[in-house]
Every structure is written in C-alpha cells, then in structure tokens.
Amino acid sequence: QIQLVESGGASVQSGESLTLTCTSSSALNGFSALAWYRQVPGHQRELVAFTVNPENTNYSDSVKGRFTISFDHAKNTLYLQMDSLRPEDTAVYYCSTGWTSGDTYRPYNYWGQGTQVAVSS
C-alpha cells in the first residue's frame with residue numbers, strides 16, 4: 001500500500017506563493033511519473049502538473065508559467081512551487097504516482113488526505 005502525505009497548504013492572498021510537498025514511505029523514484037492534482041468540492045479532480053524527469057514536465061494551461069513541479073531524489077519528496085496565486089487556485093491539492101501513455105498521465109489509485117490551499121483576493 002502506497003501512502004502519500006501532502007503538506008504545505010495555507011490561506012494566502014492573491015499574488016503570494018506557496019510550496020507544497022509530498023512525501024511517502026515508498027520510494028517515489030520507483031514510479032515512472034509523479035503528479036499533482038487539485039479538487040474543488042463538487043468538481044472532478046483536475047491534473048495540475050506531472051513530471052517524468054526534470055526535462056519532461058507538463059502543466060495545465062491554467063497554471064503554466066506560475067507553478068513548477070520538481071522531485072528531489074535524495075529527499076524522496078515531490079514539490080509544487082506555486083507563484084502568483086489566484087483565487088481560482090483555491091482547492092485541495094493531492095500528489096499522485098503513476099505512468100505516462102504517450103503524453104497522457106495515468107494515475108495509480110492511491111491518494112493521500114490532500115492539503116488545502118485557499119487564495120483570497
């Protein structure tokens with residue numbers, strides 16, 4: 001059983017930055033791809049960004065240029081650096097392990113508790 005633990009969420013003002021972290025008791029570098037999702041109550045979980053390696057990262061159009069996904073192998077930790085936050089970024093953020101099929105990220109069905117990000121205008 002893969003356990004994922006997200007942290008770093010907070011309530012911030014529009015334009016501020018946050019860094020989310022994801023750790024696990026499992027070796028995250030054993031997965032071919034890692035990702036961040038977010039979910040707003042009443043809506044489907046949305047893929048925000050995924051990484052295969054530092055040279056192969058992908059972002060949703062809504063966060064491109066503002067968010068950066070990265071993985072520290074030594075710390076077994078996945079990060080999501082979020083800059084220029086907007087009220088529409090308000091959501092619960094989840095990290096994910098998975099693989100890619102072509103340019104499509106496919107998540108395994110393991111989810112943590114998530115971390116809440118709230119951005120006020």
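**Entry 1: β5 and β6**

I looked up strand β5, residues 46-53, and found it paired with strand β6, residues 56-59. The pairing is antiparallel and runs over four bridges. This is a predicted model. I then checked the link between β5 and β6: a hairpin of two residues joins them.

**Entry 2: the four-stranded sheet**

Next I traced an open sheet of four strands. I read its order as β1-β3-β8-β7, with antiparallel pairing. Which strands stand at the edges? I found β1 (4-7) and β7 (67-72) there. Each has a single partner strand, so one side of each is left without a neighbour in the sheet. I noted a twist that averages 15 degrees from one strand to the next.

Residues 18-24 make up β3, and residues 77-82 make up β8. Six bridges hold this antiparallel pairing on record. I looked up T19 and found its bridge partner in β8 to be Q81.

**Entry 3: the largest pocket**

I turned to the largest pocket. Its volume comes out at about 200 Å³. How many residues line the largest pocket? I have 15 in the lining, and T51, V52, N53, F71 and H73 lie nearest the centre. I asked which elements give two or more residues to this lining, and they are β4 (33-39), β5 and β7. By residue class, I list eight nonpolar and seven polar residues in the lining, with no charged ones.

Note on methods:
Residues numbered from 1 in each chain as written. Predicted model: local features only at pLDDT ≥ 70, side-chain atom pairs only at ≥ 80, totals over all residues. Heavy atoms only, no water. Pairing = 2+ DSSP bridges. Axes fitted to C-alpha atoms, helices over the stretch in contact; angles between N-to-C directions. 1 Å grid on protein atoms, 1.4 Å probe; cavity = no way out; pocket = protein on both sides within 12 Å on 5 of 7 lines; lining within 4 Å. Points joined across faces, edges and corners; volume = space filled by probe spheres on them. Nonpolar A, V, L, I, M, F, W, Y, C, P; charged D, E, K, R; others polar.
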